[in-house]
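Here is a short tour of one protein model, written to be read with the structure open beside you. Take a moment to turn it around, and then read on.

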Amino acid sequence: MSIAVCPDCNGTGWKILEQAELSGAERCHCHFEGRAQRNEASASIPPLYRNASFDNFSTKRAHRELASVMTTVKSFVREFPNDQHPGLLLMGDPGSGKTHLAVAAFRELLKRGFEGLFYDYQNLLDRIRSSFDPTAGVSDKEAYRVAMESEILLLDDLGAHRVTDFVEDTVTSILTYRCNNRKPLIATTNLSDTDSTPVRSEGASGKVDYRLTLTDRLGMRSRSRLFEMCKVVRMPLVEDYRTGSWSRH
Ligand SMILES: Nc1ncnc2c1ncn2[C@@H]1O[C@H](COP(=O)(O)OP(=O)(O)OP(=O)(O)O)[C@@H](O)[C@H]1O
Ligand SMILES: [Mg+2]
Ligand SMILES: [Zn+2]
């Protein structure tokens, strides 16, 4: 595909300004347009979510609640970057639209010129774990550093992994670093935030349902940092968009 050369700057990305005796240069509009496209191309958004936006997020299934969730997420984008709450945490059941909304917000920020990376939580941990293997490739070795340093980190499906000390330490150190340095994080999770008191299910079996919490999976320190740095959005109970069925009850 050939890329047309910008007629305003002949492709240099700079426009010469001549005012009275002074001359200088300013960035051409094409520099920002190109940057937004480059940021999106290098953000590793999975194909399924590449077009996720606020416009194609339907509020039909629970109009009032989903519209209000969307308003909160949009306000996060509008107020970005926000030093007090540099992050956004979307909590809720599978298929309720968390990743869709997280990507919609993320893409708006990429369009505004911020840089960022999408990481599936499990994949990130696997790569960090394998980076301790002496035969690991450069990109695995980079994963941990990138998760710390990237301007915006979208961490999808936080906590979708069994707990090991390694997981807890790794996640805590990434979150601590980002929190201390006020580096934006957008995260989604299926975990709940009630304490892990067993909930007795209604079924005849009388089985005890230990619904996992953020603290169970990530530890108290990570949970505390997440809540300190993030605007928290709880998704309403809606039908799973993937299967069209209720995810529980
Ligand atoms: N309100 C919505 N309007 C349009 N599409 C939606 C909506 N909610 C979800 N979807 C679509 O349904 C699919 C599942 O949604 P999504 O992946 O965002 O769910 P999730 O809450 O992240 O689930 P999980 O916890 O399993 O990761 C996606 O393809 C998404 O684009
Ligand atoms: Mg998801
Ligand atoms: Zn130009």
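Leaving aside residues up to four places away in sequence, Leu117 touches Ala43, Ser44, Val146, Ser150, Leu153 and Leu154. Please keep in mind that this is a predicted model. Leu117 itself belongs to strand β4, which covers residues 116-120. Is Leu117 buried or exposed? Leu117 counts as buried because 20 other C-beta atoms lie within 10 Å, and 20 or more is the cut-off for that label. Another residue to look at here is Ile152: it sits 35 residues from Leu117 along the chain, and the two C-alpha atoms are separated by 6.4 Å.

Now let us turn to the strands. The table lists three of them with their residue ranges.

| Strand | Residues |
|---|---|
| β1 | 14-19 |
| β2 | 22-27 |
| β4 | 116-120 |

Strands β1 and β2 pair in the antiparallel sense, over six bridges. One of the pairings joins Trp14 to Arg27, its bridge partner in β2. Together β1 and β2 make a hairpin with two residues between them, and Ala20 in that turn has a positive phi of about 45 degrees.

Finally, the ligand. Around ligand 1 there are 19 residues, of which Pro94, Gly97, Lys98, Thr99 and Tyr241 come nearest. By type, the shell holds six nonpolar, 10 polar and three charged residues. Helix α3, residues 98-111, gives the most to this shell, with three residues.

Key. Residues numbered from 1 in each chain as written. Chains lettered and ligands numbered in written order. Predicted model: local features only at pLDDT ≥ 70, side-chain atom pairs only at ≥ 80, totals over all residues. Near = placed C-beta within 6 Å. Helix = DSSP H or I, 4+ residues; strand = E, 2+ residues; numbered from the N terminus. Nonpolar A, V, L, I, M, F, W, Y, C, P; charged D, E, K, R; others polar. Buried ≥ 20, exposed ≤ 12 C-beta atoms within 10 Å, placed from the backbone. Contact = placed C-beta atoms within 7 Å. Pairing = 2+ DSSP bridges.
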